[in-house]
Amino acid sequence: MRKTLEGLWNEYLAEKCAVMDTEEERVLAKEALKKHKIANDLLTKEQSDAIEAYIDTLCEMQESFVKKAFFKGCRFATAFLIEFSEKA
């Protein structure tokens, strides 16, 4: 099942979920860009590189948590449906 969930995550959901398709997401992205520019203007190149590496690590960590939550949600939904169908 892990292989199937990996395929679903990598080939479909990660692409579909990463698309900004709401106004709220676009506003947040613009705000993040503004704040990124302000921060970069205040930092030296070395400081900026350190912050970028930190941000990259946080993003990787968040992606890992989201993927784990997706997998756990799929497992829960499957177990729930199997249990529900057995009682029906």
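Me: Is F80 buried, partly exposed or exposed?
Reply: This is a predicted model, in which local features need pLDDT of at least 70, side-chain atom pairs count only at pLDDT 80 or more, and totals for chains, interfaces and linings use all residues. Residues are numbered from 1 along each chain as its sequence is written, and side-chain values use heavy atoms, without hydrogens and water. Buried means under 20% relative accessible area and exposed over 50%, with partly exposed in between (1.4 Å probe, protein chains only). F80 has a relative accessible area of 48%, so F80 is partly exposed.

Me: Which kind of aromatic pair do F80 and F84 form?
Reply: Rings of Phe, Tyr and Trp (its six-membered ring) pair if their centres lie within 6.5 Å; planes under 30 degrees apart count as stacked, over 60 as edge-to-face and the rest as tilted. F80 and F84 lie 4 residues apart in helix α3, about one turn; helices are DSSP runs (H or I, at least four residues), numbered from the N terminus. Their ring centres are 6.2 Å apart with 15° between the planes, and the pair is stacked.

Me: Which residues make up the largest nonpolar core?
Reply: A nonpolar core is a set of buried Ala, Val, Leu, Ile, Met, Phe, Trp, Tyr and Cys residues joined through side-chain atoms within 4.5 Å. Elements α1 (2-17) and α3 (45-87) each give two or more residues to this core. Ring pairs also link W9, F70 and F71 into a cluster. The core has 6 residues: L5, W9, L13, F70, F71 and C74.
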